[in-house]
Amino acid sequence: MVSLTTSLALFSTLLLTPTTLSAPLDLERRDGAVYASTISSCPAIPARTAPPSSVHDLRPDDFSYTMALGDSITAGCFSRGIQNNVLASFGEWRGESYANGMDPGAITLPNIMKRYNPSLSGGSLGSNPIPELCYGALCPIGPIGWNSKVDQLNAAQSGAMATNIPHEVNDYLIPQIRARKIPSTAFKYLNLQIGSNDLCGMCHQAIVGFGPSSPDEFESSIRKALEAVRKNIPNTVVNVVGVFKVSDVYSMTLNQPYCSQLLPVPHVNLECPCMLLGGKVGAATRALMDSLMNQYNERLIKIVKEYQTKRYSDFAVLWQPPNIPLSTFPVHALSSVDCFHPSIKTHQLMAAELWNRLVGNATERAVPLAWSESLQFRCLQEADRIHTDTLI
Ligand SMILES: *[C@@H]1O[C@H](CO)[C@@H](O)[C@H](O)[C@H]1NC(C)=O
């Protein structure tokens, strides 16, 4: 009997093991990469045999810390939608932010990275009951305005424009790095996404061209912020996510009952004045938004290209093209609170899709982020590296 059982076990092992190894049900091979429906289904990979020689030789599991700069999107504002206790709807769900959330079980970039490096830290934990506001000149001065227990190394503030990003770096991120005695030798990931509030409030800058939110001012704010990071937080890789087409939110939300759940009146885009109006005037201000978006992205590409050319050994900047075709997304891609901020589903999609592009080359990074209800995660492979030269 014993030997029969043993033989059966051996037989089934022989029969099943090769199939299991080459193609477990969940894994799908595509364009030289392997994808899974959860990151935990991805096989473990061998540790590196030699430590990275510089920021230009990193595998995502080399990061020890994760950080973020940005606006209400990065802060996870309103992303859970309308809550049973309506007052609880207006929070910042930072622990679930695609860019820097670290709530247990949340599908976020840091948690996906954690699959390969469990000691990664710096992600936000939990939520803020009301947004941490900072809007252009209407912004608290100095180091007040953050809740470090929740925010951790996510310096994003709701309402932030590009001009507020140096403030996020100098008054929060750098002091936090120092207070936590984070070693300069540790490798750090920094997610930077900004520009939606500039587009929404200052679309006239598409043609005016000087003063607040002009392309020149936008560029100078980003340069100041990146230089401050480079000089004060060595061994950082900044992933610059381009400015996406916010104006598409107008058609996405038009006459949608989904957007009238909080107040039983037709939805208006109060948070985005340049996207507010219908008719010819609205079409014109949305065209200005799109033109300004293109100008901002040209400036971002110029800056990233410069850093990629300079090739500092302890600082690198990545370009993530903002190919997010919102007009093809369902309305529940937006929060039911305001039909403006991304919903949790969109945060999860962005986390998975930005992760999938993190070790990608220029072509792979530029693939549009298609809407999907079933996420796919690119399994890390031993030889994968983050390309720090996709624009040169
Ligand atoms: C990027 O990688 C893909 C898949 O390996 C390949 O087909 C493509 O030619 C590469 N593109 C560039 C710009 O290297």
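Buried means under 20% relative accessible area, exposed means over 50%, and partly exposed is in between, with a 1.4 Å probe and protein chains only. The model is predicted, so local features need pLDDT of at least 70 and side-chain atom pairs count only at pLDDT 80 or more, while totals for chains, interfaces and linings use all residues. Residues are numbered from 1 along each chain as its sequence is written, and side-chain values use heavy atoms, with hydrogens and water left out.

Start at N235. Its relative accessibility is 13%, so N235 counts as buried. It sits in the loop between α8 (215-232) and β5 (236-241). Helices (H or I, at least four residues) and strands (E, at least two) are DSSP runs, numbered from the N terminus. A polar atom of the N235 side chain lies 2.9 Å from the backbone oxygen of S184. Contact means heavy atoms within 4.5 Å. Neighbours within four places in sequence aside, N235 is in contact with V55, S184, T185, A186, F187, K188, S313 and D314.

Now the cross-links. A disulfide is a covalent bond between the sulfur atoms of two cysteines. Here it is assigned to a pair of cysteine sulfur atoms within 2.5 Å. How many disulfides does the structure hold? It holds five. Number the bonded cysteines of the protein chain in sequence order, and the pairing reads 1-10, 2-3, 4-7, 5-8, 6-9.

Take C42 and C379. Their disulfide has an S to S distance of 2.1 Å. C42 lies in the loop between β2 (33-36) and β3 (63-70), and C379 in the segment after β7 (377-378), so the pair ties together parts that are 337 residues apart in sequence. The torsion about the S-S bond is about -75°, so this disulfide is left-handed. C42 counts as buried at 2% relative accessibility. C379 is buried as well, with a relative accessible area of 3%.

C203 and C274 form another disulfide, with sulfur atoms 2.1 Å apart. This pair links distant parts of the chain, 71 residues apart. C203 is in the loop between α6 (196-201) and α7 (205-208), and C274 is in the loop between α9 (248-253) and α10 (279-310). The link of C203 and C274 is left-handed, with -90° about the S-S bond. C203 is buried at a relative accessible area of 5%, and C274 is buried at 7%.

C259 is joined to C339 by a disulfide, S to S 2.0 Å. C259 belongs to the loop between α9 and α10, and C339 to the loop between β6 (315-320) and α11 (344-358), 80 residues apart. With -85° about the S-S bond, the link of C259 and C339 is left-handed. Both C259 and C339 are buried.

C77 is buried, with a relative accessible area of 3%.

Finish at α10. After α10 comes R311, whose phi is positive, near 50°.

Notes: Polar contact = N/O pair within 3.5 Å; in protein donor to acceptor, adjacent residues only side chain to side chain.
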